[in-house]
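Hi,

Here is the structure I promised to pass on. Have a look at it first, and my notes follow below.

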Amino acid sequence: MEKIVLPVLSQPHVQLLSNEEHGAIVRKKEEVPVYATLDDNDQRFMERLSSILREDMFRGKVDIESLASRMCISRSQLNRRVKALTGMSTSNYSIQLRLMYACEQLAGEPETSVNVVAMRCGFDDAAYFARIFKQRIGLSPSAFRKNMNVKEQIKTVTNEQNKAD
């Protein structure tokens with residue numbers, strides 16, 4: 001199996017979605033996303049982690065302790081490994097993954113309420129979701145939906161990432 005280059009979902013990655021170059025509001029200027037070249041074991045680990053996070057997200061309950069248990073490692077070992085591979089804590093990685101899914105939901109399903117999107121992304125409290133979303137993306141979920149064509153933004157970011165490779 002060949003090595004792959006995996007874009008790490010990090011704070012800078014989300015900030016690229018709201019970068020001035022792409023016609024949106026900038027909250028903070030940050031550096032380009034970190035990329036990690038993963039070997040087979042790390043790739044399988046991250047795929048399994050993301051899969052379990054998605055399952056938990058769809059169930060509406062994302063809990064790092066149960067995530068570690070399902071990964072068959074301790075919470076501290078999970079945090080160390082995720083930090084080594086992504087440069088962020090397990091909690092931050094989980095939030096980033098859920099926010100990226102929320103961006104897709106907000107763009108792809110304009111008739112769905114923000115509360116429903118929050119629940120689909122594993123956030124029990126819609127106010128917390130809106131606060132975190134605004135903090136990380138730079139816009140409220142409603143403003144994001146109204147003011148941005150996310151699919152085009154993601155395509156632009158992906159193209160920029162491909163050019164950087």
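Arg 81 lies over the face of Phe 45, with 4.1 Å to the ring centre. I count a charge as over a ring if NZ of Lys or CZ of Arg is within 6 Å of the ring centre and within 35 degrees of the ring normal.

Before you read on, please note that this is a predicted model, where local features need pLDDT of at least 70 and side-chain atom pairs count only at pLDDT 80 or more, while totals for chains, interfaces and linings use all residues. Residues are numbered from 1 along each chain as its sequence is written, and side-chain values use heavy atoms, with hydrogens and water left out.

Now for the rings. The whole structure holds five aromatic pairs (rings of Phe, Tyr and Trp, the last by its six-membered ring, with centres within 6.5 Å; planes under 30 degrees apart are stacked, over 60 edge-to-face, and the rest tilted). One of them joins Phe 129 and Phe 133, a tilted pair with 5.7 Å centre to centre and 50° between the planes. Both residues belong to helix 7 (residues 126-137), where they are four residues apart, about one turn of the helix. Phe 133 also pairs with Phe 144, this time edge-to-face, at 5.2 Å centre to centre and 80° between the planes. That pair links distant parts of the chain, as Phe 133 is in helix 7 and Phe 144 is in helix 8 (residues 141-147), 11 residues apart.

As for the chain as a whole, its secondary structure is nine helices and two strands, in the order β-α-β-α-α-α-α-α-α-α-α. Here helices (H or I, at least four residues) and strands (E, at least two) are DSSP runs, numbered from the N terminus. Of its 165 residues, 44% count as buried.

Happy to talk it through.

Best wishes

Technical notes. Buried means under 20% relative accessible area, exposed over 50%, partly exposed in between (1.4 Å probe, protein chains only).
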